[in-house]
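I am opening a notebook on a structure that is new to me. I want to look up a handful of places in turn and write down what I find at each.

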Amino acid sequence: MSEQKLEIFNVLSFLNRGYDLEDILKEGTFGTFPSAQDCIEYLVDEGYLEGEFGIGSDSEELTADEISKKYTVAQLKDILRENGLKVSGKKQELVERVLPVLTDDSKKSANDDESYDLELTDKAKQFLVENQWIDLYMFAIAMFRFDDYEQYVNNSSEDMIQTAHNFCDEIISKALMANQFLIFIDALSAKAHVFAYVGDYDSFLDYDLQRFILGLNPIVLDAQSYATYNIVDYANVVNLKNVTEKLDLGSLKKRFDRIWVKSHIKNTTVPKKTAYKILQRAMDGADIEVLNFELREKYFDKKFGI
């Protein structure tokens, strides 16, 4: 039910923001529903949407007799030729051969005529208000399991934002104790995005910058994790670049120096000056794959026993 709850929230949330239902259905994935149509039927049946929806075309499936009357032999052969089928034989044989093609085309045409005139009910609007935490989850914490976060929210007495921070802090603490570095930096990034969700980009920049610095200086990294590890993370760089370009948050170098000290790096992999140069190169548009290759060759491969 949890996964279904997430899907329902996303559809209703996009509708509430003014998106067209047809566009949502084209883009969405409906893991617990067989199809988008099934999802809409469920939302209508459960009272989340009201109005009309369905197939615009009510035409019945074509029969062999109808095709025989409607098309000449020459027209039937043209249709068969266009679909890579045999064109030899008597008219009745051509009709039987073309019947599946025209039936399929009729179904496709009907599906193209799907129309929706649905609105959110009061129940749907209340559902969105009560589950606003799902929006925050999708924005900041989606790298962690939805079921785990839902359970954490249900057991929390704090507000939505503080609950999210507490969740990230607990993961950070547990990951450090268990030497799970990849989970640790994911949690740092999640915490940064919780700050961004409420517009605190100053704190966001601190945590995402720490994620960059520690990405170049892993606390611990076993051979299995290292095999697929991205030293410089593309999304992390894009976030840092966007925030520093759009907002005046002071000297990046001074902030970098401060966060480096705050990170308490005891076993340096990439020296501080080099790490800052890598940051500048990445934010200036350098190829991230090339940067990672250079860092692996010079600093990482030997250290992590690859």
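The entries below go from the ground rules to salt bridges, a surface patch, a helix, backbone angles and pairs of residues.

**Ground rules**

I note that this is a predicted model, in which local features need pLDDT of at least 70 and side-chain atom pairs count only at pLDDT 80 or more, while totals for chains, interfaces and linings use all residues. I number residues from 1 along each chain as its sequence is written, and I keep in mind that side-chain values use heavy atoms, with hydrogens and water left out.

**Salt bridges**

I began with salt bridges, each being a side-chain nitrogen of Lys or Arg within 4 Å of a carboxyl oxygen of Asp or Glu. How many salt bridges does the structure hold? I find 13 salt bridges in the structure.

I looked up Arg-255 and Asp-202, whose side chains meet in a salt bridge with N to O at 2.8 Å. Arg-255 lies in helix α15 and Asp-202 in helix α12 (residues 201-216), so this pair ties together parts that are 53 residues apart in sequence. Helices here are DSSP runs (H or I, at least four residues), as are strands (E, at least two), and both are numbered from the N terminus. Is Arg-255 buried or exposed? Arg-255 counts as buried at 6% relative accessibility, whereas Asp-202 is partly exposed with a relative accessible area of 35%. For these words I use under 20% relative accessible area for buried, over 50% for exposed and partly exposed in between, with a 1.4 Å probe and protein chains only.

I then turned to Glu-294 and Arg-281, which form a salt bridge with their closest N and O atoms 3.1 Å apart. This pair links distant parts of the chain, since Glu-294 is in helix α17 (residues 288-303) and Arg-281 is in helix α16, 13 residues apart. Glu-294 counts as partly exposed at 35% relative accessibility, and Arg-281 counts as partly exposed at 36%. I also note a network, in which salt bridges that share partners join Asp-202, Asp-206, Arg-255 and Arg-258.

I looked up one further salt bridge, between Arg-145 and Asp-148, where the closest N and O atoms are 2.7 Å apart. Asp-148 is partly exposed, with a relative accessible area of 36%.

**A charged patch**

Which residues form a negative surface patch? I find Glu-50, Asp-117, Glu-119 and Asp-122 in it. A patch of this kind takes residues with over 30% relative accessible area and no salt bridge, and joins like charges within 9 Å. I placed Asp-117 in strand β2 (residues 114-120), and I find Asp-117 exposed, with a relative accessible area of 55%.

**Helix α5**

In helix α5, which spans residues 73-82, I find Leu-76, Ile-79 and Leu-80 buried. They lie on the same side of α5 because they cover an arc of only 95 degrees around the axis, the arc being that of the directions from the helix axis to the C-beta atoms. Just after α5, Gly-84 takes a positive phi of about 70 degrees.

Asn-179, although not a glycine, has a positive phi of about 55 degrees; Asn-179 sits in the loop between α10 (160-177) and α11 (181-197) and is exposed, with a relative accessible area of 51%. His-264 likewise has a positive phi, near 50 degrees, and lies in the loop between α15 (252-262) and α16 (272-283). His-264 counts as exposed at 61% relative accessibility.

**Pairs of residues**

I looked up Leu-43, which is in helix α3 (residues 36-45) and is buried, with a relative accessible area of 0%. Leu-43 and Leu-120 are 77 residues apart in sequence and 9.5 Å apart in space, C-alpha to C-alpha.

Where is Thr-121 found? Thr-121 is in the loop between β2 and α7 (122-130), and counts as buried at 10% relative accessibility. From Thr-121 to Gly-51 I read 70 residues in sequence and 9.7 Å in space, C-alpha to C-alpha.

My last entry is Glu-289, found in helix α17, which counts as exposed at 66% relative accessibility. Glu-289 and Asp-233 are 56 residues apart in sequence and 9.5 Å apart in space, C-alpha to C-alpha.

Key. Patches are made of residues with over 30% relative accessible area and no salt bridge: like charges are joined within 9 Å, nonpolar side chains (Val, Leu, Ile, Met, Phe, Trp, Tyr) within 5 Å. Accessible areas come from the Shrake-Rupley method with a 1.4 Å probe; for residues, only the protein chains shown count as cover. Lys and Arg count as positive and Asp and Glu as negative; His and the chain ends are not counted. The place of a charge is taken as NZ of Lys, CZ of Arg, CG of Asp or CD of Glu.
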